[in-house]
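Here are some notes to read beside the model. Please keep the sequence open and find each residue as you go.

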Amino acid sequence: MSDHYVKVKVQLEQMKSSGEGAEKEDTDIIDDEVPMASPPASVSPIPASCTTAARRDASKTSVTGRNRSKSWRKLGKDERNTYTKQESDPAPQGTIVAANEGKPLNQIDNERQMLQIKEIGKILLGQTETNGNIVAPNQRPKEFKVGPHCKEDGNTVAKRRKPVTVDTSKAKTSLEALKLSIRHLKWKEFPVGRRSACDIYWHGVSFHDNDNILSGQVNKFPGMIEMLRKINLSRAVRTMQELFPEEYNFYPRSWILPEEYQLFSTQSRLTKNSDASLKPTFIVKPDGGSQGDGIYLIRDPSDLRVIAGSQTKQSVVQEYIHKPLLIDKLKFDIRLYVLVKSLEPLEIYIAKEGLARFCTEPYQEPSQKNLSHVFMHLTNYSLNVQSGNFIHSDSLSSGSKRTFSSVLYRLASKGVDIRKVWSDIISLVIKTIFALVPELKVYYLADIPPGKPGPTCFQILGFDILLMKNLKPVLLEVNANPSMRIEHEQKVSPGVFEYVPSPVDEEVKVGVIRDTLRLMDPAQGKSPTSHPEQQQEEMLMEGGSPERRAGEEGGVLPSLFLKQVFPKYTKQFSYLRTVERIAALFLRFLGVKGNMRLGPTGFRTFIRNCKLSNSNLSMASVDILYIDITRRWSNMLPDSREAGMCLQAFVEAFFYLAQRRFKSLPLREQVVSLLEMCEGQLENHGVGGPGGSLPEDSTCSSRRSVSCSRTQPGRTHHPHHTSTAGQDLSAPQLCSPAALRRASSQDYRLRQRPRPPHTHKANVEN
Ligand code: ADP
């Protein structure tokens, strides 16, 4: 047995025994199946999702990309994507035997059983996974026909309902992976759209790619692009950091430029003064940028690049993580695909497989000399692919772009507790989505108000995560439109390029799209026979709805690539959904359909209905509070089409009111106490109940809830210039850290350049 194998085995056994030990007490820890379905090809080339790419890898034939490309191109479309039964059989056993030093497979299998980790899932050594169970290569059920292209057998006939219809006319660069997935599921593609409605609309960029969709499901949420711009993401996470600093410490300290320049400058100086040996580095990222565009490193605020006069570009400046985990001396980051299946109720899935993207120049801690070495500091594929050192590999576990599971495998072999790493990543993903959801709900209701016909939405997001040297995951950014390309460009001769298949991209991305489609199958949950959850589980495990299963190629599909993490882990995380509760109040008083901003009357009604006004808080001071906060946020969000109080401003006002009323408590408890008070009042009296008049459009606002299923200027007042706490309440003091911070950077806010409305460039990798 090789040393490598022994090490992994020992670690897995340790994990097993710890997993079998005491019942888990700590609810913050997630015991989850570690996504190691595809060990490196040298151990087992059997892929998790059984895609064409994996088949190539499994065959272990060394084919150059170019040759591969040619033969790939020579085949007809169907043939290109069709594998015979023989091809779809388990990977060559010889490989596994070799990896396990000649042991017979049944013995390896027994050992494998030993390596299972109770409850946390299964670390797979030399086998693929089906329906969440370990299946050894030689035990794979006969009917399990892998690959998208196996012929239907005689048993899986008829009973076929109309296939699910997918409009792919706007799919853009996702098209190739989408086509493969649709073909795999035997659904029906409409490449140029369709006069009648489709079940699913696949958009390449935004919810608005196709207008006037009245039914079905669209793979984008309204507002997601806007929410995931770097500044908005930073703001959303920061609000959560104010309430839950420990829980949200996975996001590097960030400042929004130009409005927080002064704060950034002061804080970086204080850091340096506190310890002269500290030489912090910062990374500057333009707000709407992607693929590393415009990013640079600095060591001092005076190094910020300026545009027009002394103005800095709209951007986020962030603490640079200077001790990342390295593999072979190279920095890398992880791209994980996350599906938001629904906003209400919130459902989140994480792909069990992702990508690891490597730098192409050995890493050194930042110094004045190497700050501009992008191949050393930035892991973006689009940048590194231009380096002569970039390695395109046919294997899934080597080269400059690899599977995430191969990295985990490698880490496990070095004794890393990968179970903890995976659990921390799941937690990071859930918390990040929690930060986005409140505002997404506002966008959603503005675009698809209740009562108006429209589609439901889902979306695949690309999470970029860096592992620090101490293995702590750090969120770099979230992409609203992660690249779903499964080919890469290759130079054939000077100036001539062709697209060649990229096995690693295909392995991961086709799995993600195919399983997203399976989860969004409109037939799901329609059978009255069993409990919906159970039914869904059964259907998914077996490859789709019972009706559709017969229609899918191969009868039974590989196990789901996507794993539900929410509501699965509701118990551990739901206490973090505080801002969502504030957003529910905001939405309740928002009034007119399609609005995203609360008018002064709505705000007053909120105060009155929740009985927040008393001798300490006059309605005049409520008005001043409204005007002050609204004006400041309007300056910060100059591209808004509407006047009024945005959700962030409402949240700030809410924090302020909570601080005033529950002075002695920590902020989080202040806010929760006020929430309980407001919710209690509204429950007792209902909107328009005693003591409360209705907001502008009472009928609408009382009905207004985010059911993402279709069934269902005056006086200027600067508070920091006014009286102290406890004094005249018509002069409210903004004492939340955010408020002070925002107030302190007022000069910079006023000099902001307006952003063009509806810019879809941000976070678009395609
Ligand atoms: P883009 O959208 O342009 O790709 P990112 O935020 O993903 O912007 O940053 C690009 C790259 O810069 C990341 O892939 C990562 O390698 C590096 N990077 C970003 N933020 C940090 C940070 N705070 N610390 C260290 N490296 C970072």
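1. Start with arginine 581. Arginine 581 is partly exposed, at a relative accessible area of 30%. Arginine 581 forms a salt bridge with glutamate 679, and their closest N and O atoms are 2.8 Å apart. A salt bridge here is a side-chain nitrogen of Lys or Arg within 4 Å of a carboxyl oxygen of Asp or Glu. Arginine 581 sits in helix α20 (residues 578-590) and glutamate 679 in helix α24 (residues 667-685), so the pair ties together parts 98 residues apart in sequence. Glutamate 679 is partly exposed too, with a relative accessible area of 26%.

2. A word on the source. This is a predicted model, in which local features need pLDDT of at least 70 and side-chain atom pairs count only at pLDDT 80 or more, while totals for chains, interfaces and linings use all residues. Residues are numbered from 1 along each chain as its sequence is written, and side-chain values use heavy atoms, with hydrogens and water left out.

3. Now the whole chain. The protein chain has 27 helices and 23 strands. Helices (H or I, at least four residues) and strands (E, at least two) are DSSP runs, numbered from the N terminus. Of its 766 residues, 59% count as buried. The accessible surface of the protein chain is about 30,600 Å², and 52% of that belongs to carbon and sulfur atoms. Accessible areas come from the Shrake-Rupley method with a 1.4 Å probe; for residues, only the protein chains shown count as cover.

4. How many salt bridges are there by this rule? The count comes to 26. One of them joins lysine 272 and aspartate 300, with the closest N and O atoms 2.9 Å apart. This pair links distant parts of the chain: lysine 272 is in helix α11 (residues 261-274), and aspartate 300 is in the loop between β9 (296-298) and β10 (306-307), 28 residues apart. Lysine 272 is partly exposed, with a relative accessible area of 24%. Aspartate 300 also counts as partly exposed, at 27%.

5. Look next at aspartate 623 and arginine 604. Their side chains meet in a salt bridge (2.8 Å, N to O). Aspartate 623 lies in helix α22 (residues 619-636) and arginine 604 in helix α21 (residues 600-609), 19 residues apart. Aspartate 623 is partly exposed at 24% relative accessible area. Arginine 604 is partly exposed at 25%.

6. Some charged residues join in a group. Asp333, Arg335, Arg357 and Asp464 are linked in a network of salt bridges.

7. Lysine 331 deserves a check. Lysine 331 lies in strand β14. The side chain of lysine 331 does reach the backbone oxygen of histidine 377, at 2.6 Å.

8. Turn to the ligand. Among the 24 residues around the ligand, Lys285, Gly292, Thr379, Asn380 and Glu477 come nearest. The cut-off for being near is a heavy atom within 4 Å. The shell has 8 nonpolar, 8 polar and 8 charged residues. Ala, Val, Leu, Ile, Met, Phe, Trp, Tyr, Cys and Pro count as nonpolar, Asp, Glu, Lys and Arg as charged, and the others, Gly among them, as polar. Strands β8 (282-286), β12 (315-319), β14 (330-342), β19 (459-467) and β20 (473-479) each supply at least two residues of the shell.

9. Individual atoms come next. A polar backbone atom of glycine 292 is 2.6 Å from an oxygen atom of the ligand. A polar side-chain atom of threonine 379 is also 2.6 Å from a ligand oxygen atom. Glutamine 318 has a polar side-chain atom 3.0 Å from a ligand nitrogen atom. The protein covers 99% of the 540 Å² of accessible area that the ligand has on its own.

10. Last, proline 35. Proline 35 is in the loop between α1 (3-20) and α2 (52-59). Proline 35 is buried, with a relative accessible area of 3%. The C-alpha atoms of proline 35 and glutamate 353 are separated by 6.4 Å, though the two residues are 318 residues apart along the chain.

Conventions:
Polar contact = N/O pair within 3.5 Å; in protein donor to acceptor, adjacent residues only side chain to side chain. Buried < 20%, exposed > 50% of the residue type's maximum accessible area, 1.4 Å probe, protein only.
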